[in-house]
Amino acid sequence: MEANRALITLLAVGAYLALCIGVGLWSLRRTKSTSDFFVAGRTLGMFVTAFAIFSSTMSGFGFVGGPGLMYSMGTSSIWILGTIVISNIIVLNLVAKRIRMVSELRECVSLPDVAAARYGKQSVRASVAVVILLGVLGYLATQILAMSIVLQGVLAEAGVLENPSLALCVAISCSVLIFYSVTGGIVASVYTDVIQGVIMVVASVLVFATVLGTFDGGLTEISRIVAADDRAAGGPWGTIGLVGGLAWFFVFGIGVAGQPHIITKFMMLRRMKELRYVIPVGVLAYSFAALLWIGIGFAMRALVITGGHPALATPDAASPEFLQVFTHPLLAGVVFAALLAAIMSTADAFLNIGTAAIMHDLPNAIRGRSLGNELAWARIITVLLAISAALVALYADDLVALLGVFGWGTFAAGLVPVIAIGLNWKRANALAANVAIASSLLVNFGLRSGFGFGTVRLPYGVDHGAAALLVSLVLFLSISFLTKPDPIPRDVERVMEL
Amino acid sequence: MTRLMAVLLALCIVLLGLLVLAVVAGAGRAGPLPHPEHAPMQVGIDAGELGVPAWAAYVAGIAMLGTMWVTMLIGFRDGHWIRRAVNAWSVGYVLLFVVLMWSFDAYAAGDTTVILGFTAPTALLVYGLTLAPWIPLLAITGAFESAYFGPREQARFDEIVAESRRSRERRAPSREG
């Protein structure tokens with residue numbers, strides 16, 4: 001079986017891609033309106049919603065970037081994982097109920113729709129749409145690049161093609177993504193998310209069991225090796241340090257309430273009462289998936305320190321290397337499929353909300369009405385957006401890197417005050433919302449690009465997103481306190497009182 | 001709600017103030033270094049403390065947990081027992097953070113205790129700060145209908161939706177006319 005490792009991986013990835021195409025065809029008949037395309041006609045049950053949220057959150061970062069952080073920085077990134085439960089309580093309390101109610105009340109199909117309903121101003125709809133579009137382009141390009149690199153590795157290992165080009169792999173992976181996203185819209189996206197989520201959970205548990213077997217003494221021995229080599233890497237903060245770890249805890253803990261690919265899923269839930277179990281089920285799935293993040297990264301660090309494996313060229317190689325060298329070929333095949341699944345589930349979510357911003361929200365904000373025949377336009381824009389992101393991924397790697405890291409922090413800084421706080425607090429007004437969004441863009445881009453002079457390094461390794469979130473929260477709350485509240489549409493106000 | 005928002009604003013001002021203070025003072029310039037043998041792996045300095053003053057670490061940590069406490073309280077019905085339960089749990093959560101800090105002091109001084117696969121302070125992070133929020137999450141799930149959204153709210157919501165639709169339908173023909 002070891003001799004056929006590459007072939008098994010290729011077959012697993014091929015089977016997964018075929019499954020995605022199948023789900024796309026199945027959901028074609030279930031997508032008859034714009035509401036079906038963007039919010040699944042508000043018909044999703046508890047389990048599907050929970051897994052759609054978990055899969056969209058996990059992304060390729062959880063399977064590649066996360067273990068890479070554990071490898072390079074030791075325990076630092078546990079501060080990101082440490083927010084899994086508390087951040088979801090915050091999402092439940094701040095956003096889930098309100099967003100679900102307002103979206104049904106006003107038949108909203110997107111987050112900017114909800115913002116327009118809450119503030120009664122098209123300027124807020126436009127601001128939210130712009131911030132989503134900028135973040136989406138970066139995230140989507142990053143995800144497309146990641147899935148193409150994974151596919152390139154799988155094809156090259158299997159010897160199907162000699163040196164497959166990145167452009168070819170972008171074309172193959174994007175074709176599948178576009179196919180099921182165009183045919184089935186969000187319906188295909190969420191049902192593939194369920195398959196992707198189940199694969200991720202099973203794969204993570206099995207990989208963690210493999211990790212425990214890499215050293216006699218399991219995780220205890222791994223921790224001893226890492227801490228003996230470097231006290232910081234085995235301590236609670238890792239190499240990023242005390243304040244840097246806390247800053248991650250803050251921006252990932254509260255910031256999740258502003259991630260559009262996550263919070264829009266609540267708009268799709270069939271019944272309000274199903275919210276009760278959505279969060280616990282999603283959190284449980286995420287907790288299992290986190291085992292892979294911690295396990296692979298920490299084990300690879302210990303393996304390299306003890307000479308059990310050569311030093312890695314890049315931290316992101318931790319996951320693929322571990323799978324190729326230390327796991328059973330069948331498990332490696334499943335995990336590579338899971339990796340692709342994690343990336344694609346995030347990509348399709350961004351594709352959907354980006355499409356809504358372009359063909360629904362910006363026309364509404366500018367012309368006061370949607371485009372005619374929205375469903376047809378939704379499908380056309382989905383194709384064009386995916387192709388644009390693919391071109392950015394292939395030919396503007398500097399931009400991909402900047403937009404990719406810019407995404408989470410900007411969404412957190414821009415949308416936590418405007419959506420999460422705004423849907424709960426009647427004093428919040430449109431001026432405060434627009435200023436908060438402008439500041440989130442300015443602070444994030446400014447700190448990360450240094451306005452052309454290079455990235456600004458904040459003291460003690462504080463994340464730029466945390467600084468941007470603090471600035472936007474202070475501005476949003478201060479302006480709302482100091483200026484007169486806008487009148488809120490009566491029906492929305494009554495819903496905010498529930 | 002306004003009181004909670006005032007508390008949130010105050011906590012954010014404290015955190016932003018600390019950050020500005022550090023920038024102005026030129027503090028916190030030191031960072032992780034490349035591993036001497038296995039770069040791009042990194043090594044930290046001061047066991048990960050990076051020279052941050054202890055008072056600043058406590059203030060920053062407690063203020064961050066405070067922002068989470070405030071945002072967790074929003075959404076529950078006024079006067080419901082779950083609010084008091086979340087308040088009590090939050091105090092315990094802050095204490096857990098303080099214990100982690102003490103445990104880190106011992107670790108930085110050379111303690112090598114490993115608990116359930118992690119060094120002692122890291123175990124407090126993994127099994128304490130990460131998993132402790134399951135307590136309020138399960139409490140919220142249990143008290144969902146009385147604390148968060150029950151049949152009474154559903155009925156009221158249905159009524160608002162129906163009224164809103166009727167009102168929109170009334171407006172639509174009159175505009176057409």
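In this predicted model, chain B is divided into domain 1, made of residues 1-25 + 48-74, and domain 2, made of residues 82-167. The centres of domain 1 and domain 2 of chain B, taken over C-alpha atoms, are separated by 18 Å. Where the two domains of chain B touch, nine residues come from domain 1 and nine residues from domain 2. On the side of domain 1 of chain B that touches domain 2, seven residues are nonpolar, one is polar and one is charged.

Chain B also meets chain A: 76 residues of chain A are in contact with 68 residues of chain B. Which helix gives the largest share of the side of chain A that touches chain B? Helix α5 (residues 84-105) of chain A does, with 12 residues. By class, the side of chain A that touches chain B has 48 nonpolar, 17 polar and 11 charged residues.

Within chain A, two helices cross. Two packed helices are described by the angle between their axes and the distance between the axes. For helix α1 (residues 5-28) and helix α15 (residues 329-367) of chain A, the axes come within 8 Å and the crossing angle is roughly 35°. This crossing of α1(A) and α15(A) is right-handed. Residues of α1(A) in the contact include Ile8(A), Leu11(A), Ala12(A) and Tyr16(A), while those of α15(A) include Leu330(A), Val334(A), Ala337(A) and Met344(A). The contact of α1(A) with α15(A) has 15 nonpolar residues, two polar and one charged.

| Side of domain 1 of chain B touching domain 2 of chain B | seven residues | one residue | one residue |

Helix α9 (residues 218-229) of chain A has 12 residues. From its first C-alpha to its last, α9(A) reaches 17 Å, close to the 16 Å expected at 1.5 Å a residue. The buried residues of α9(A) are Leu219(A), Ile222(A), Ser223(A), Ile225(A), Val226(A), Ala227(A) and Asp229(A). Their cover includes α8 (166-212), α10 (231-234) and α13 (275-305) of chain A, together with β3 (114-115) and β4 (118-119) of chain B.

Ser33(A) lies in the loop between α1 and α2 (34-39) of chain A. Why does Ser33(A) count as partly exposed? Ser33(A) does so because it has 13 C-beta neighbours inside 10 Å, and a residue needs 20 or more to be buried and 12 or fewer to be exposed. Ser33(A) and Asn373(A) are 340 residues apart in sequence, yet 9.5 Å apart in space, C-alpha to C-alpha.

Conventions. Residues numbered from 1 in each chain as written. Chains lettered and ligands numbered in written order. Predicted model: local features only at pLDDT ≥ 70, side-chain atom pairs only at ≥ 80, totals over all residues. Domains from an automatic or database assignment. Contact = placed C-beta atoms within 7 Å. Nonpolar A, V, L, I, M, F, W, Y, C, P; charged D, E, K, R; others polar. Axes fitted to C-alpha atoms, helices over the stretch in contact; angles between N-to-C directions. Helix = DSSP H or I, 4+ residues; strand = E, 2+ residues; numbered from the N terminus. Left-handed = near helix turned anticlockwise from the far one by under 90°. Expected span 1.5 Å × (residues − 1).
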